[in-house]
Amino acid sequence: MTPLLAHAAEAARDPYSYVDPELAAALKKFPQGEPPNAKNLASIRAGDQDAPPSGPPELQPRKLTIPGKGGTEITVFVVDPTPTGKNRPATIYIHGGGYITGRAGNSLRLLQDAAKTTNSLVVSVDYTLAPDVHFPVSLEQNYAALAWLNHNEAELGIDPARIAVLGDSAGGGHAAMLAIAARDRKEFKLAFQCLIYPMLDDRTGSTRQMPPYMGHFLWTAAANKFGWTSLLGQPAGSASPPPGSVPARLKDLSGLPPTFIGVGSIDLFCDEDIEYARRLTMAAVPTELLIVPGAYHGFDIVAPEARLTLQFMETWRNALKRGLGIA
């Protein structure tokens, strides 16, 4: 069979045939709307509601205001299971949403989970979404959380040498940007970056196309193009994105913190995440890569009780604990 015929045969297959059966069953019940675009973005955001937290009193999030760049104020959520502790690790969690949707309040249970898993302080920034603002506004807001932790380390009882960043999807992209900024500015250090199916390359879906079975569900090439264009303030895949805005375009990855990357095999981001892990490894950055077979973007949200989801979550939790120096 010629490559052209093979590609045509591949495209004709049922997209669900590439999905793990347990994840496919959950996906078929999950509502899938039109990909975000300039016309429907407002309506998508209107349906974006905060998820109520659960758990015991010591894991209840607090909503605080911290100083930002240029005298601004930034809203954060903090979960601190042991507020009287000393020399504890801390984690900055950055929420996803394609750079264009979502809010910190959507992920309060994940904050609680990370705090419980690591017994450490977890903070999440309610950063301003694109295209309301363009890069680097959201980066500076997330960087402000890193600065706040360091400037208040004694009061918060944290060890500034044990601060990690955790993010999923666009939050993983933001986390990678924050790690790059911390390395380059040399003001504060990050001990670890935990990137959950991170959004790292604006060329994916714009100037670089993926096979039809990658990115078919939930986050598509069209959505990716719109998300990156919104963040950058210029067309995704342009020759010269703003410095520090696209982690995959960074020429030198040396000196970044140890890294975990996890992604599904049919996620739109699979190829770019594998390549980023490869380049980190070649730059002598300790890197762990997990590829989940038959998993689409956000599979852990769609199928939280699936076997692959439980294995995936245990793996990244353990990686985060190791990155924070927790046995």
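The model is predicted: local features need pLDDT of at least 70, side-chain atom pairs count only at pLDDT 80 or more, and totals for chains, interfaces and linings use all residues. Residues are numbered from 1 along each chain as its sequence is written, and side-chain values use heavy atoms, with hydrogens and water left out.

Start with the sheet. Eight strands form an open sheet with mixed pairing, in the order β1-β2-β4-β3-β5-β6-β7-β8. Strands (E, at least two residues) and helices (H or I, at least four) are DSSP runs numbered from the N terminus. Two strands pair if DSSP finds at least two bridges between them. The edges are β1 (62–67) and β8 (287–292), each pairing on one side only. Neighbouring strands are turned by 20° against each other on average, direction ignored. Axes are lines fitted to C-alpha atoms, for helices over the stretch in contact, and angles run from 0 to 180 degrees between N-to-C directions.

Now the hairpin. β1 and β2 (residues 73–79) run antiparallel, joined by six bridges. Leu-64 has Val-76 as its bridge partner in β2. Thr-65 stands opposite Thr-75. Five residues lie between the two strands, and Gly-70 in the turn has a positive phi of about 65°.

Last, helix α11 (residues 307–323). Its 17 residues reach 25 Å from first C-alpha to last, close to the expected 24 Å, which is 1.5 Å times one less than the number of residues. After α11 comes Gly-325, with a positive phi near 75°.
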